[in-house]
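Have a look at the sequence and the model first, and then read on.

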Amino acid sequence: MGNGKVKLLDVVALTEDGPERKLERGQVGTVVELFAHDVYEVEFSDNDGRMYAELAVQEETLLVLHYEPTFA
């Protein structure tokens, strides 16, 4: 998954469970900070916009979601 294309404010999904915060694979969050070359702070919010988790995540455990067609 880690392809170097994760950017600030990207919408991402977890590709692995995050048991330390009771997060499951597939949960969706927003990249809010870049800590290191491949470590991102991701914020997870409910449908009302209330944050319920924020944690540092390795790029290889993120999948960037696309809402429009992407062309190579």
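## Around Thr61

Not counting residues up to four places away in sequence, Thr61 touches Ala13, Leu14, Thr15 and Glu16, where contact means heavy atoms within 4.5 Å. This is a predicted model, in which local features need pLDDT of at least 70, side-chain atom pairs count only at pLDDT 80 or more, and totals for chains, interfaces and linings use all residues. Residues are numbered from 1 along each chain as its sequence is written, and side-chain values use heavy atoms, with hydrogens and water left out.

Thr61 itself sits in the loop between β4 and β5; strands here are DSSP runs of E with at least two residues, numbered from the N terminus. Is Thr61 buried or exposed? Its relative accessibility is 13%, so Thr61 counts as buried (buried means under 20% relative accessible area, exposed over 50%, and partly exposed in between, with a 1.4 Å probe and protein chains only). The Thr61 side chain also reaches the backbone oxygen of Gln58, at 2.8 Å.

## The sheet

Which order do the strands take in the sheet? The open sheet has five strands, arranged β4-β3-β2-β1-β5 with antiparallel pairing; two strands pair if DSSP finds at least two bridges between them. Because β4 (51-58) and β5 (62-64) are at the edges with a single partner strand each, one side of each has no neighbour in the sheet. On average, neighbouring strands of this sheet are turned by 40° against each other, direction ignored (the axes are lines fitted to C-alpha atoms).

Now for the pairings of β3. Strand β3 (residues 39-45) pairs with β4 in the antiparallel sense over seven bridges, and strand β2 (residues 28-36) pairs with β3, again antiparallel, over five bridges. A hairpin of two residues joins β2 to β3. The hairpin of β3 and β4 has five residues between the strands, and there Gly49 takes a positive phi near 85°. Five of the seven residues of β3 are buried, so this strand is largely enclosed by the rest of the structure.

Some partners across these pairings are set out below.

| Residue | Partner | Strand of the partner |
|---|---|---|
| Tyr40 | Val57 | β4 |
| Val42 | Leu55 | β4 |
| Thr30 | Glu43 | β3 |

## Core and aromatic pair

Which residues touch the most other members of the largest nonpolar core? They are Val42, Phe44 and Leu62, in a core of 13 residues. A nonpolar core is a set of buried Ala, Val, Leu, Ile, Met, Phe, Trp, Tyr and Cys residues joined through side-chain atoms within 4.5 Å. β1 (11-14), β3, β4 and β5 are the elements giving two or more residues to this core. Apart from its neighbours within four places in sequence, Val42 has contacts that include Val12, Val31, Leu55, Val57 and Leu62. Gly29, Thr30, Ala53 and Glu54 are also among the contacts of Val42.

Searching the whole structure turns up one aromatic pair. Phe44 and Tyr52 form this pair, which is tilted, with 6.4 Å centre to centre and 40° between the planes. For such a pair, the ring centres of Phe, Tyr or Trp (its six-membered ring) lie within 6.5 Å; planes under 30 degrees apart count as stacked, over 60 as edge-to-face and the rest as tilted. The two residues can be set side by side in terms of accessibility: Phe44 is buried at 0% relative accessibility, whereas Tyr52 is partly exposed, with a relative accessible area of 41%.

## Two leucines

Leu9 is found in the segment before β1. Although not a glycine, Leu9 has a positive phi of about 75°, and with a relative accessible area of 61% Leu9 is exposed.

Leu63 lies in strand β5 and is partly exposed, its relative accessible area being 38%. From Leu63 to Pro19 the separation is 44 residues in sequence and 18 Å in space, C-alpha to C-alpha.

Key:
Helices (H or I, at least four residues) and strands (E, at least two) are DSSP runs, numbered from the N terminus. Axes are lines fitted to C-alpha atoms, for helices over the stretch in contact, and angles run from 0 to 180 degrees between N-to-C directions. A polar contact is a pair of N or O atoms within 3.5 Å; within protein, one must be able to donate a hydrogen and the other to accept it, and residues adjacent in sequence count only if both atoms are side-chain atoms.
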